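Subject: Handover of a structure

Dear colleague,

Please find below the structure that I am passing on to you. A summary of the findings follows it.

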Amino acid sequence: MSSRNDTPTPGERDYPVAEPDLAEEQNAHLTKALRGVRDAPSAPPELQDIARKMLSGRLELKDVLDDPSGFRALTDGISGMRESWRSMSPQDRQAVRAKVEEKAAEAEAEGVGATYRPREA
């Protein structure tokens with residue numbers, strides 16, 4: 001595990017993610033996001049562990065849900081998001097939708113990431 005001073009412990013490496021099914025920009029974005037999760041003191045330890053495994057090359061994106069700790073970390077996180085969503089007012093939900101659509105339009109205009117199309121309500 002990494003210490004909080006960003007020094008990897010012996011045997012731990014930090015490689016850029018190179019998922020074959022992702023574009024170079026997507027791999028770069030994923031690598032940056034994983035490093036952010038790994039280094040964020042507020043991130044759940046399980047997610048930090050998954051980030052470390054992926055950055056060290058011990059776990060590929062396609063295998064995250066097959067890893068027991070990965071499955072647990074992701075499903076627990078989704079469950080929390082679902083509860084947060086359910087507790088929002090309709091106005092707050094619409095504000096979140098609008099922000100996501102705005103960010104997606106910005107990313108699309110910049111040619112970054114996959115194109116996002118919201119579902120019709």
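Which residues form a nonpolar patch on the surface? The patch consists of L65, F71, L74, I78 and M81, which together have about 490 Å² of accessible area. Patches are made of residues with over 30% relative accessible area and no salt bridge, like charges being joined within 9 Å and nonpolar side chains (Val, Leu, Ile, Met, Phe, Trp, Tyr) within 5 Å. Accessible areas come from the Shrake-Rupley method with a 1.4 Å probe, and for residues only the protein chains shown count as cover. L65 lies in the loop between α2 and α3 (68–87).

Please note that this is a predicted model, in which local features need pLDDT of at least 70 and side-chain atom pairs count only at pLDDT 80 or more, while totals for chains, interfaces and linings use all residues. Residues are numbered from 1 along each chain as its sequence is written, and side-chain values use heavy atoms, with hydrogens and water left out.

Overall architecture

The protein has 4 helices and 0 strands, and its elements run α-α-α-α from the N terminus on. Helices (H or I, at least four residues) and strands (E, at least two) are DSSP runs, numbered from the N terminus. Of the 121 residues in the protein, 20% are buried; buried means under 20% relative accessible area, exposed over 50%, and partly exposed in between (1.4 Å probe, protein chains only). The accessible surface of the protein comes to about 9000 Å², and carbon and sulfur atoms account for 55% of it. Among contacts (heavy atoms within 4.5 Å) with a separation of 6 or more, 33% are between residues 24 or more positions apart.

In α3, the residues S69, G70 and A73 are buried. Seen down the axis of α3, its buried residues fall within an arc of 110°, so they line one face of the helix; the arc is that of the directions from the helix axis to the C-beta atoms. These buried residues pack against α2, whereas P68 and R86 are exposed on the other side of α3.

The 20 residues of α3 should span 28 Å at 1.5 Å a residue, and the end C-alpha atoms, 29 Å apart, agree with this. The expected span of a helix is 1.5 Å times one less than its number of residues. Just after α4, G111 takes a positive phi of about 75°.

Salt bridges

How many salt bridges does a search of the whole structure find? The search finds 8, a salt bridge being a side-chain nitrogen of Lys or Arg within 4 Å of a carboxyl oxygen of Asp or Glu.

One of them joins R38 and D14, whose closest N and O atoms are 2.6 Å apart. This pair links distant parts of the chain, with R38 in helix α1 (residues 24–39) and D14 in the segment before α1, 24 residues apart. R38 is buried at 10% relative accessible area, while D14 is partly exposed at 31%. A network of salt bridges links D14, R35, R38 and D39.

Another salt bridge connects D49 and K53 (3.6 Å, N to O). D49 and K53 are 4 residues apart in helix α2 (residues 45–55), a separation of about one helical turn.

Yours sincerely
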